[in-house]
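The following exercises concern a predicted model. Please work through each task before reading its solution.

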Amino acid sequence: MVKSDSQFSYVHWKDLKNIEDQTVYSFGMIVQKMRTEITNLINTIGEQASSTPLTQSNFVSLKILFRLKECMVSIELLISKGLARDAAVLLTTLMELRLEMQYVSENSSNAGDWITCNRQNKKPWPVDFLIKELFPNHEDQNTERSNYRHLLQIKHSDPMGSQPSFPVRDDDFINTDKNDLAVCLFCEGSECYRTLIAASEDLSESGFNITKNRKAIEELNELKEKMQKLRISKENSVQHL
């Protein structure tokens, strides 16, 4: 029997269970609120744009904020299903966006190159170039490279290493390290915060009033940092038992 057109209009996916872990859940709630602040910042700029014209660098800031918001939604969906490897792919994108935003914020004349490359669907600058330009201190450079490598390690980790059983069934769930999931969400929040700060600096210099937005962003970042300290403290106490 031939299927009707309506039966081919969408794909059926088997339900993937959400990860049940309090730490992952708590970090997830924080980064969701941070994502809301991206929307609030964009809306604040939109409301003031009629009286404060956008510069080239402001245009870049908004484009990056929209992409940041989009990426974060995808990361959170992947993490909720325990897909840390795939989330790490997007986290490298977040880090690249943050470095680009910082580079444009540091010197607004870089905005033109970013716009030209963006229209050609190309990356404007290599990651290592941005790290060297933005962080004169070698220790800071090493930290940035180390963070980037860590995300790449999660991205390239062996999928067969966590395969739950053989023969492989279509409905098998991969056993995910919950620590990797929490780390991914913490990194997401950190990259979001640093991108928002760089974008806020660029927008503030152009005359936009975003004082309330920056306060909300700072409060959420402080909450994220406190959550991370509690997590590390808890892990250390368990190791010493």
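**Exercise 1. Determine how far the sulfur of cysteine 184 is from the closest cysteine sulfur, and decide what this implies for a bond.**

Solution. 
- Step 1: The closest cysteine sulfur to that of cysteine 184 belongs to cysteine 187, at 6.6 Å.
- Step 2: A disulfide requires the two sulfur atoms to lie within 2.5 Å.
- Step 3: The separation of 6.6 Å is therefore too far for a bond.

**Exercise 2. Classify cysteine 184 and cysteine 192 as buried or exposed.**

Solution. 
- Step 1: The term buried applies under 20% relative accessible area.
- Step 2: Cysteine 184 has 0% relative accessibility and so counts as buried.
- Step 3: Cysteine 192, at 0% relative accessibility, counts as buried.

**Exercise 3. Describe the surroundings of glutamine 141.**

Solution. 
- Step 1: Glutamine 141 is located in helix α6, residues 138-155.
- Step 2: Its relative accessibility is 8%, so glutamine 141 counts as buried.
- Step 3: With neighbours within four places in sequence left aside, glutamine 141 contacts Ile131, Lys132, Phe135 and Pro136.
- Step 4: The side chain of glutamine 141 reaches the backbone oxygen of phenylalanine 135 at 2.7 Å.

**Exercise 4. Identify the buried residues of helix α4 and the helices against which they pack.**

Solution. 
- Step 1: In α4 (residues 111-119), the buried residues are Ala111, Trp114, Ile115 and Cys117.
- Step 2: These buried residues of α4 pack against α2 (56-80) and α3 (84-106).
- Step 3: Just after α4, asparagine 121 adopts a positive phi of about 55°.

Note on methods
Residues numbered from 1 in each chain as written. Predicted model: local features only at pLDDT ≥ 70, side-chain atom pairs only at ≥ 80, totals over all residues. Heavy atoms only, no water. Buried < 20%, exposed > 50% of the residue type's maximum accessible area, 1.4 Å probe, protein only. Helix = DSSP H or I, 4+ residues; strand = E, 2+ residues; numbered from the N terminus. Contact = heavy atoms within 4.5 Å. Polar contact = N/O pair within 3.5 Å; in protein donor to acceptor, adjacent residues only side chain to side chain.
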